[in-house]
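Hi,

Here is the structure I promised to pass on to you. Have a look at it first, and then read on for my notes.

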Amino acid sequence: MNLFFKKAQPVWAENRENEMNVTLVFTAFCPKSDEAVLSITGSSYYNIYVNGEFIAVGPARAAHGYYRVDKLKIKADKPDNEIKIIVYGYAANSFYHLDQPSFVCAEIENESGIIAYTECSGKTFKACEWLGKIQKVQRYSFQRPFTEVYDFTKEQFSSVKLVVTEEKKYLHRRIFYGEYEKEMPLALIEKGRFDIRDKAKYYDDRSISNICPQLKGFIKTDLDVFSTVEAEKIHPVVEEKCNLNISNTNVNANSFVTFDMGKNLTGLVGFSANLENSGEIIIVFDEILSNGDIDFTRMTAANVIIIKANAGKFDFLSAEPYTYRYIRVYVKNSPAEISDFHLRRVGAPAVNKKLKSDNEKLQAIFDAAVETYRQNTFDVYMDCPSRERAGWLCDSFFTSRVERVLTGKSEVEYNFLENYILPESFKCLPDGMLPMCYPADHYDGVFIPNWAMWFVVELQEYFVRTGDIELVNKAKNRVYGLLKYLKKFENEYGLLEKLESWVFIEWSKSNDLVQDVSFPSNMLYSKIKRIVGELYSDSEIAKEGEKLRETIKKMSYTDRGFFCDNAYRRNGELELSGEYTESCQYYAFHTGVATIEEYPELWNCLITDFGFERKQTGKWPEIHFANAFIGNYLRLDLISMYGDEADLLRNIEGYFYYMAEKTGTLWENDSDEASCNHGFASHVLYWFDKLGMLKG
């Protein structure tokens, strides 16, 4: 019937394709075989088990209306092998999974041919609904769909009537499969007890209170279990601090244990539990300890898993991957034996690169960067593997360089860029604008015009890396559509003025200085015009880019020796704000608006007076500090291009060692109030490579 499936049809429970958070289980059996292959795709997400053993998650994410097909070799070494696929049909908008009708399409083939396939009769792939996974639960975060709550005390499964859904457009997966290594805790570090107390006020945020057509989910009054409320009712008291190298432990009723993984890791939460009586297990986790405790809503995400179970033993593995260093297991109403506590990695395979250095701090930074890359690179590049799992532009510019350095390939980048190219248009966004992250549904209409420009910057580097002119040409309409959109905001000087939506420079004072004319935004605009001129042999657009560069220099650079961030329209004229940021100076040089030859004094000032030490030295207090993303990265990239090795390594150590030491990963900001595991931060590996410090 198509290139991907010989017999299988896309199916789902009748009249429930658009119902939120429905979980179906599909089961088939395969005789002993050395050549069994499972072909599968679906929406939104699935876990695959063979004979009770977890083997994969999927599918790799694709653009709206497209679905990437997994082809997995099955270890069918028994006379009758059970293949179980648990399919989570979220049908809700997020930054992570698309809001599309739920379905699964799967078939198993061996040397005898097709032996099982999905179709509406359910003859070879039996289907049922998993009632034990609770449907009406809160969103995990504004950016991700639902939390996980299980009730193993109720009837677990019910029959469903399958129907064939509309035909789908299929794509090759193209990229690697995960290795799903099992990681054990470094230590059990706490034991304690708890009681249950109501609170006057519970955690609330937009993912809880703002449920509406623009943010799909279940409203509070409809929840069967309110995870964060149940977790907040727990009042823990630590009775013993310890450092036990174990993953098995006995826990008294209404008691808890806390595990330390040793560093941030990302994957599925797994363990076995044996309850003496019926009871409840509540799991909370986070990347860091906040005032010595686990703040499971620190990142405006609900880091809570709840399991209700009868007396006896059960095995558990979470559906979705989560990110944590510290994880606590509360056991309510019953003593329990917790065994084989572990994390099943979800991310890129291990890499064979090593750092050529005996500097222990640089080695720790290298290891943290590798972890950060692996945990944020799976089917697309992600900003963080925790709160969002989103494929953000600009972040991808930095992570794409790392993929090439570590693997010699750009296969994830191809998928990432292709996802942006495939759709005819993007719902809820102006014509020509690109989503700030994708695949995602931005029903609130928010976008970042600056990030759309970074798509063009990355496209040029992708071409330099790969020579893939075919993909560049496929992107041409998307690129020119963006230029057409931006053209509407050009003023009498050719400068972009009063850009719409979320104008984003970086996480610092810079983001307060984006209207009416943002010079960093225009520096980037000048650069992409010059890039488009080069990529598509468009001399006119290239001339516009050059003219804009000269205009920015003339209007933004002042006698104070710095580029001013923005200008306001007052009485019909543009007036400089008089505000200066560190990041604006880096934008100037990184976009090629400024050169060292033209501005040697500014360059020398940036190299000698700015950087990670400036908060201690107090130099240039009137120039607002940069933050990690993207100001500090632009700084380091400039030093990598034009500075010396010793200065680059000194800056790398100053910016990143404290992060590597605390979480074993690299962070979104220069402090730990947000994500402590952000994909772009792995870019330090690119600088190590530029210094010739990587081997393997």
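This is a predicted model: local features need pLDDT of at least 70, side-chain atom pairs count only at pLDDT 80 or more; totals for chains, interfaces and linings use all residues.

Residues are numbered from 1 along each chain as its sequence is written, and side-chain values use heavy atoms, with hydrogens and water left out.

**Salt bridges**

R61 forms a salt bridge with D379, with 2.8 Å between the closest N and O atoms (a salt bridge is a side-chain nitrogen of Lys or Arg within 4 Å of a carboxyl oxygen of Asp or Glu). This pair links distant parts of the chain, 318 residues apart: R61 is in the loop between strand 5 and strand 6 (66–73), and D379 is in the loop between helix 3 (360–376) and helix 4 (395–407). Helices (H or I, at least four residues) and strands (E, at least two) are DSSP runs, numbered from the N terminus. D379 is buried too, at 4% relative accessible area.

E181 and R374 form another salt bridge, their closest N and O atoms being 2.6 Å apart. Here the partners are 193 residues apart, with E181 in the loop between strand 14 (169–172) and strand 15 (182–183) and R374 in helix 3. E181 is partly exposed at 23% relative accessibility, whereas R374 is buried at 7%.

A search of the whole structure finds 54 salt bridges.

**Helix 3**

The helix that holds R374 is mostly covered, with twelve of its 17 residues buried. Among them are L362, I365, F366 and Y373. The end C-alpha atoms of helix 3 are 24 Å apart, which agrees with the 24 Å that its 17 residues should span at 1.5 Å a residue (the expected span is 1.5 Å times one less than the number of residues).

The structure holds seven cavities of 30 Å³ or more. On a 1 Å grid over the protein atoms alone, a cavity is a set of points where a 1.4 Å probe fits but cannot get out, and a pocket is an open set with protein on both sides within 12 Å along at least five of seven lines; lining residues have an atom within 4 Å of a point. A volume is the space filled by probe spheres set on the points, which are joined across faces, edges and corners.

The largest cavity has about 160 Å³ of space. It is lined by 15 residues, and R61 is one of those closest to its centre, along with G42, S44, A62 and Q100. Strand 6 gives the most to this lining, with three residues.

The second largest cavity has a volume of about 120 Å³. D379 is among the residues nearest its centre, together with Y45, P59, Y96 and F378.

The largest pocket has a volume of about 590 Å³. Of its 26 lining residues, Y49, G52, D315, F316 and L317 are the closest to its centre. Strands that each supply at least two residues of this lining include strand 4 (45–50) and strand 22 (312–317).

Best wishes

Key. Buried means under 20% relative accessible area, exposed over 50%, partly exposed in between (1.4 Å probe, protein chains only).
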